[in-house]
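Okay, thanks for coming, everyone.

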Amino acid sequence: MTGRPRRMSPEARREDLIRAALDLFGSRAPELVTVDDIIARAEVSRPLFYRYFSSLRELQVQALKTVTEGLIDGLAGLEDGPPETRLRAAVRGLIDVADHYRAGYVALLRSGSVIATSETDAAIDEVRNRAVELILDALGVSEPSPMLLLTLRCWTAVVEGSLLSWLQERAVPREALDGWLVDQLTAMLSATERHEQAVGVVSG
């Protein structure tokens, strides 16, 4: 027993069930977590579970949306300072959330995941768009060129792919990830700048 309060407001109880699911997602893939697992972790009855969620699928989607909200919150914590410092802080925020919700993050982004839905896909797109906005803000660019936007979107894919591999293999020290990923962005931006100068395109 974890000493959860017996009486909770409907909102608190719903959040507690989501939290229980996310705790379980930390040790196994979301599609392997059952209603029985969740009610045991949350210390509630099956009828109470169905009072708040119509199905296990609904809870899975809500739990994964919590992960994407965490990713957006992680991006929001920008530090003061030069662009590289601010971007490294943002990447650290992403790494922290992805690591905390490891199985949920993998389920969100894994190709062919049975948990991913159009809702979760839209939530991931929101994270990607927020990342691009953050980089443009850090760079002081208000009117990005098409090539710059393409570069930033490609980099978000690099971050996602790198985090997926890292979460499953842990082959690279965690403390090296943020600097390496920002260095990747710096190299990509340099290449984009060279190509834009060659064709006379400038971002403002």
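Let me start with one residue. D137 comes out partly exposed, because its relative accessible area is 47%. And keep in mind as we go that this is a predicted model.

So who does D137 pair with? Its salt-bridge partner is R86, with the closest N and O atoms 3.1 Å apart. D137 sits in helix α7, residues 118-139, while R86 is in helix α5, residues 83-100, so to speak a link between distant parts of the chain, 51 residues apart. R86 counts as buried, because its relative accessibility is 17%, and the cut-off for buried is under 20%.

Okay, staying on helix α5, take a look at D96. D96 makes a salt bridge with R174, and there the closest N and O atoms are 2.1 Å apart. R174 belongs to helix α9, residues 174-199, so this pair ties together parts that are 78 residues apart in sequence. Both ends are partly exposed: D96 at 41% relative accessibility, R174 at 32%.

Next one: R170 with D99, closest N and O atoms 2.5 Å apart. R170 is in the loop between α8 and α9, and D99 is in helix α5, so here the parts tied together are 71 residues apart in sequence. R170 is partly exposed too, at 40%.

Here's the bit I like. D96, D99, R170 and R174 all end up in one network, joined by salt bridges that share partners.

And how many salt bridges does the structure hold? The count is 14, and the ones I've walked through are among them. That's me done, over to you.

Methods. Residues are numbered from 1 along each chain as its sequence is written. This is a predicted model: local features need pLDDT of at least 70, side-chain atom pairs count only at pLDDT 80 or more; totals for chains, interfaces and linings use all residues. Side-chain values use heavy atoms; hydrogens and water are left out. A salt bridge is a side-chain nitrogen of Lys or Arg within 4 Å of a carboxyl oxygen of Asp or Glu. Helices (H or I, at least four residues) and strands (E, at least two) are DSSP runs, numbered from the N terminus. Buried means under 20% relative accessible area, exposed over 50%, partly exposed in between (1.4 Å probe, protein chains only).
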